[in-house]
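Colleague: Could you walk me through this one? I have not looked at it before.

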Amino acid sequence: MQMIKCCICGERIPVISGNNPYPVRRWSAWGSDKNRCCASCNSEFVIPFRIAIGSSTEEQFDQIHKLLMSYSYGELKEFKKMLITLKKSTQDLKTSTVEA
Ligand SMILES: [Zn+2]
């Protein structure tokens, strides 16, 4: 079985298990041995970012894609943590509940 490296975290995965990493990394077709990501990066970054920026205009989408492309795996993790914190504090503000 041909193994490749996840283009986000570097984990070794079989080609057939690779996912299209767009918009976090360059778009790639199924079965490609380049620019594929593992299942955990797919559910951790790719899907959430796709959903998060899904309603953006093409131009905004492109800008965010370029930004995400410039982030390393560690930076992506930090970035996502920050987004979750932001989202959470917005929700906390709305419901007026304060967490320690
Ligand atoms: Zn990965």
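Colleague: Where is Pro 23?

Modeller: Pro 23 sits in the loop between strand E2 (12–14) and H1. Helices (H or I, at least four residues) and strands (E, at least two) are DSSP runs, numbered from the N terminus. This is a predicted model, where local features need pLDDT of at least 70, side-chain atom pairs count only at pLDDT 80 or more, and totals for chains, interfaces and linings use all residues. Residues are numbered from 1 along each chain as its sequence is written.

Colleague: What joins Tyr 22 and Pro 23?

Modeller: A cis peptide bond, with omega about 15°.

Colleague: And Asn 35, where is that found?

Modeller: Asn 35 is also in the loop between E2 and H1. Its phi is near 55°, a positive value in a residue other than glycine.

Colleague: Why does Asn 35 count as partly exposed?

Modeller: Because Asn 35 has 17 other C-beta atoms within 10 Å. Buried takes 20 or more other C-beta atoms within 10 Å of the residue's own, exposed 12 or fewer, and partly exposed is in between; C-beta atoms are placed from the backbone.

Colleague: On to H1. Which residues are buried there?

Modeller: Cys 41, Asn 42, Phe 45, Val 46 and Phe 49. Ile 47, found in helix H1, is partly exposed because it has 13 C-beta neighbours inside 10 Å.

Colleague: Where is the kink in H1?

Modeller: At Val 46, shortly before the proline Pro 48, and the kink is about 30°. The bend at a residue is the angle between axes fitted to the seven residues ending there and the seven starting there.
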